[in-house]
Amino acid sequence: MNEICRWSVRQLRDALKRRELSVSEIARAFLERFNEIDSEVRAFLHVDPERTMRQAAELERSLARGEKKLGFLTGIPLAVKDNISTRGVPTTCGSRILKEYVPTYDATVIQRLRLDGALLLGKTNCDEFAMGSSTENSAFFPSRNPRDLERVPGGSSGGSAAAVASFQVPAALGSDTGGSIRQPAAFCGIVGLKPTYGRVSRYGLIAFASSLDQIGPMTRTVRDAAVLLQVLAGPDSRDSTCSRAPVDNFVSGIGKDVRGWKIGVPAEWLSGGLDPEIRTAVESALKVLQGLGCSVREIRFPHQKHALAVYYIIAPSEASSNLARYDGVRFGHRSERANSLEEMYEATRSEGFGPEVKRRILIGAYALSAGYYDAYYLKAGKVRTLILQDFRRAFEAVDLIVGPTAPTLPFRLGEKTTDPLEMYLSDVFTVTANLAGVPGLSLPCAVSKSGLPIGLQILGPHFQEGRVLRLAHALERELTL
Amino acid sequence: MPIREDEVRRIARLAKLKIEEGELAGTAERFERILEYFGQLGEIDTERVEPTFHAVSEGAGQTPMRDDEERQSPGTEDALANAPKKSEGHFQVPKVIE
């Protein structure tokens, strides 16, 4: 492996600025790394080396002619989860139903990346329609954890996490509906940030659960996550749920101290089914924070124990509605085994969706159907209010909340595929942030005895990504992994 | 609450999904386990609680308006680019009227 593949976005940019490296040299190094390792890791669904090299050459010419200035990400090869629309590049969402789909437009985040001069190296594998916690629900193949190829990289943004962790790209985009950025980041030993709901435009993100979905960066350093968020964040008239609030400078707080900050630890998170090694890792990280001048106190999340049930009603309900669009008429797969329109809908959807997606559509349709709406969907919405109130109360007393990202270490392929509920438990600490809309970051904080990464989760109040990143960076500097 | 196979069939019809006869029992069983898990929400008193459908309050309940300016829409070619079947600038579907 070329040594530059280990570099951060920032190091690569500095080398470009000093003209020690060219855009083409960087692109070539990462494509070589892809050729060397991805047959084992299987992070990518689509890579087009010729196109990437062509883009690199074009970029190099416009930089040389002075037509383009060096932005944050100019010339940096990035991977993008395959549920984010890329013009002219297949976007399958890990599903058979979108196997042949090639978007005719770019998602807003892709437009922003292109404007800044980033290179798209490829699209990464994910659980079908982002429904899963291991990438084993991908219709094509599971990705593997670069730290241990017998284990899952987490999910649903497992391909993006694996690509970053195996040095095939310095950074990637993922999406997080119930933990799909943070849990794979924890499993692969990288940094993953789910921004506040509405901080980043969802335009062009193929919808799973619209009130929970959010796109965010996956990187190897906290500073790189701040840099990517700076490029991604901001208002977008094409997403009516995208916030119009001005965007903070996320990078400027990086490196500043965190003395006097109040950190809350939910008592409910450190009890029960948590792996003892993860508990120890979180407790040591809290000691480090105290050493940095933070005060740590226990807080209560009385409705935490219901978060998973609320999430697994709301997310499938929204999904059953969002996925109604796959009817075989305008895009995607169409069944050849149908004589009428009705038959065509049913056959198309039954052939095109995998078992977990079907299961969630059925659960959602049930929770929304006449006679059950009040008991399930409406009830879940009410308990969501109580969860939101838990957060409000907590953030009156503390600046940030810290805890584990996932309850277990990365598990083996096939270990949790027979029982859907078992897999759902992977999201027990992450779904609350989506339900409450708050930002959350996972940072590698320790390595288990078996050599597997452990992630620490940091949650902040709405639109306080800057605060989350500043604490994460302070901690990152102290931890030597 | 036991979920009967005909209930699964009814939901599948609503969702326009076909479940093979051989898969009905297994689907009903997994469905039931998941619904059992949801049952815990019944214990919580939500008598005077309003539901939340969007967690970030900014702009909630209001639709952001933009100026009424002309904008470029995707053309027919783009709209049809991914259509599995098309004919003369239209999406083609199986015959609807006898």
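Begin by selecting Leu59(A), which you will find in helix α3, residues 49-64 of chain A. Keep in mind, as you look around, that this is a predicted model, with an ipTM of 0.93 and a pTM of 0.97.

Is Leu59(A) buried or exposed? Leu59(A) has 20 other C-beta atoms within 10 Å, and because a residue counts as buried at 20 or more, Leu59(A) is buried. Now display its contacts: leaving aside neighbours within four places in sequence, Leu59(A) is in contact with Val23(A), Lys68(A), Gly75(A) and Gly117(A).

Next, select helix α7, residues 222-232 of chain A, where ten of the eleven residues are buried, so that the helix is largely enclosed by the rest of the structure. Among the buried residues of α7(A) are Arg223(A), Asp224(A) and Gln230(A), together with Val222(A), Leu228(A) and Leu232(A).

Then turn to the largest nonpolar core, which holds 158 residues, and colour Leu78(A), Ala172(A), Val310(A), Ile313(A) and Ile458(A), the members that touch the most others. Helix α9, residues 304-322 of chain A, gives this core its largest share, ten residues. Centre the view on Ile458(A), which, not counting residues up to four places away in sequence, touches residues including Leu400(A), Val402(A), Gly440(A), Val468(A) and Ala472(A).

Finish with chain B, whose pLDDT averages 88, with 92% of the residues scoring at least 70. Where pLDDT is low, the predicted coordinates should not be read in detail.

Definitions and conventions: Residues are numbered from 1 along each chain as its sequence is written. Chains are lettered from A and ligands numbered from 1 in the order in which they are written. This is a predicted model: local features need pLDDT of at least 70, side-chain atom pairs count only at pLDDT 80 or more; totals for chains, interfaces and linings use all residues. pLDDT is the predictor's confidence in each residue, from 0 to 100. A nonpolar core is a set of buried Ala, Val, Leu, Ile, Met, Phe, Trp, Tyr and Cys residues joined through C-beta atoms within 7 Å. A residue is buried if 20 or more other C-beta atoms lie within 10 Å of its own, exposed if 12 or fewer, and partly exposed in between; C-beta atoms are placed from the backbone. Helices (H or I, at least four residues) and strands (E, at least two) are DSSP runs, numbered from the N terminus. Two residues are in contact if their C-beta atoms, placed from the backbone, lie within 7 Å.
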